[in-house]
Amino acid sequence: MRIGFDISQTGKAKAGCGYFADSLIKHLVSCDNNNEYLLYSAFGNTFWDTEHGTSTCRLHKSNCTHLLDHLSHHESLAFWSTSAAIDEEKLGNPDIVHGNNFSCPRFTSARFVYTLYDLSFLDHPEYTSEENRWNCFNGVFNAAMQADLIIAISEYSRQRFLEIFPHFPIERTRVVYLGSRFQDGDEEKPVADLEPDNFWLSVGTLEPRKNLRRTLLAYKKYIDIYNDPKPLVLAGGQGWLEDDLESFIVNIGLTKHIRRLGYVDDDTLNWLYKKCWAFIYPSIYEGFGLPVLEAMSLGAAVLTSNTTSLPEVGKDAVLYVDPTSEADIVRELAKLNDGKLRDILKMNSQEQAKEFSWSGTANQVIQAYIDVLELPKKTSRKEIKKQFFMI
């Protein structure tokens, strides 16, 4: 097979989508010498990395070819925004193209495989910007019409997709879980002034659906009740609609209790997960919950939400809260002061995390590629009308 793969979001300061594409392509190439991989550093018309030709994932194997590295933003928009079908010759005439950044271009020959992360922009439009909601919706809607196969990163995401697009054939969907990119022996970089086993940790892009403000309010109540001196460390890049988070922290009197680190590298994140008192992630909505899995894989005791995809990841190895209830979060934070319970959670987390691996994910994705080539192409206008307009 000639497999075209979107690596556009694997550059610097990558977040969830970028980590997915980065880890997946590295493990695909590592375990697969039989197929050819065509790697596109520019993909679709909604995401742009000014340094895409150098900052994105670079793989130097005989079965890997990097393409589109020299496109300017204008050239990339012209190429991917064409009203006609994409010029597949310029993409190396792939048999399959796998998109990972919400965009869904139209192909006439190649089968298109679309990674479905989540539908939070539909279920909670208040938690995202109008621009982001527009881009995500167009991508998913086009995928519902044109994609030959949907790879969902959780059963929750697949079910929500099929509820919203009930005419999409279920046999053209797969659930493929993520893995943890951290391994024993990876480099660790301590954070100055943080004492091991003496801080709470929250990791994630700063955006409303991560539920940071309610978490901060719950943490404030918790330290007022229990007089806990352990600071809460926030690690993650700036997203959207949280520009005044610092003012919020000041106004609720938490300035001296919060340590904001911003975006951190993997060596620092490795140390934080291993050395935190516990990892706190009461997110409102997730497509998978990669920080939960990564924290578990490194032996952290985890508190997370009982909603969306998160129970698929944590199973019985973590503490769950109702993310809409401050009182619930306070109560579960207090439980983590029980040393025996914390030790059990740390042990159970690492065992549960073993259920997920990137090598297993890569093998499932290769099988999905094989399967989709055996299916007829799905993008004829006649089929679209049949499925969506019931003609």
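Let me begin with strand β8 (residues 200-203), which is joined by 2 bridges to strand β11 (residues 278-281), the two running parallel; strands here are DSSP runs (E, at least two residues), as helices are (H or I, at least four), numbered from the N terminus. This is a predicted model, in which local features need pLDDT of at least 70 and side-chain atom pairs count only at pLDDT 80 or more, while totals for chains, interfaces and linings use all residues. Residues are numbered from 1 along each chain as its sequence is written, and side-chain values use heavy atoms, with hydrogens and water left out.

Within that pair, Trp200 stands opposite Ala278 in β11. Helix α10 (residues 290-297) packs on the sheet and touches β8, β11 and β12 (302-305), where contact means heavy atoms within 4.5 Å; the direction of α10 makes about 170° with that of β11, taking axes as lines fitted to C-alpha atoms, for helices over the stretch in contact, and angles from 0 to 180 degrees between N-to-C directions.

The open sheet has 6 strands in the order β10-β9-β8-β11-β12-β13, with parallel pairing, and two strands pair if DSSP finds at least two bridges between them. Because β10 (258-262) and β13 (319-321) each have a single partner strand, one side of each is left without a neighbour in the sheet.
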